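Colleague: Before I use this model, I would like to know what stands behind the words used for it. Can we go through them one by one?

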Amino acid sequence: LVLVVLFGVGACGVLAAGPRLSRLPFVRRHARLHKVAARVQDRSASTTRSALSAGCFLLGCWTTRALGSTVLLASLGVGFSPPLALVVLCLGAAAALIPITSGGAIVNVSTTAGILLALGIGKEQAINFGLASGLLLCGTALLAAFVGVALSVTLSLRARTPAGANA
């Protein structure tokens, strides 16, 4: 988990440093690092800004998901344990990378229940947590899809409306 966090912070730092990165003496001495720094420098400021805002959205998403999992575990009687919630989230995300099944919410439900069973949580609590977290995952994905479609339609209609028609 620490390596994932450090990699994410490092990647965000590279994007934030942008053009200033290629001026560092350490980067100038190594050809590969200089090549990477040149590619980052060639990116426009808006692309860097978009990448940083996407990183902030991801941070908010994972923070909210970790807090929600912790509260859900506590409400199901497992106890308030942020480390347990993070272990379940990280192992569930790692299991989603295995290309055995098509993935999706069903794999998420069974994986989280299996992880909790392996960690010694009771069967009923593990299954209830898996089902509740799957419901939360599907519900928030559906809400995000509706918001995205509504924003897209609104912006599309606004772009088609002539400027003088609004007055």
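Modeller: Start with the polar contact: a pair of N or O atoms within 3.5 Å, where one must be able to donate a hydrogen and the other to accept it. Keep in mind that this is a predicted model.

Colleague: What makes the pair of Ala66 and Thr70 a polar contact?

Modeller: A polar atom of the Thr70 side chain lies 2.8 Å from the backbone oxygen of Ala66. The cut-off is 3.5 Å, so the pair counts.

Colleague: Why is Thr70 called buried?

Modeller: Its relative accessibility is 4%. Buried means under 20%, so Thr70 falls in that class. Thr70 sits in helix α4 and, leaving aside neighbours within four places in sequence, is in contact with Phe80, Ser81, Pro82 and Ala85.

Colleague: Is Thr154 buried, partly exposed or exposed, and why?

Modeller: Partly exposed, because its relative accessibility is 43%, and that class runs between 20% and 50%. Thr154 belongs to helix α7. A polar atom of its side chain lies 2.7 Å from the backbone oxygen of Ala150, so this pair also meets the 3.5 Å limit.

Colleague: Which residues make up the largest nonpolar core?

Modeller: It has 10 residues: Leu72, Leu73, Leu84, Ala85, Val88, Ile115, Leu116, Ile121, Ala126 and Phe129. The largest share, three residues, comes from α5.

Colleague: What does Ile121 touch, residues up to four places away not counted?

Modeller: Val78, Leu84, Leu116 and Ala126. For touching, heavy atoms must lie within 4.5 Å.

Colleague: How many helices and strands does the chain have?

Modeller: Seven helices and zero strands, which gives the pattern α-α-α-α-α-α-α along the sequence.

Colleague: And how much of the chain is buried?

Modeller: Of its 167 residues, 19% count as buried. The chain exposes about 11700 Å², and carbon and sulfur atoms supply 72% of that area.

Conventions: Residues numbered from 1 in each chain as written. Predicted model: local features only at pLDDT ≥ 70, side-chain atom pairs only at ≥ 80, totals over all residues. Heavy atoms only, no water. Core = buried A, V, L, I, M, F, W, Y, C linked by side-chain atoms within 4.5 Å. Buried < 20%, exposed > 50% of the residue type's maximum accessible area, 1.4 Å probe, protein only. Helix = DSSP H or I, 4+ residues; strand = E, 2+ residues; numbered from the N terminus. Areas by Shrake-Rupley, 256 points an atom, 1.4 Å probe, with all protein chains shown as cover.
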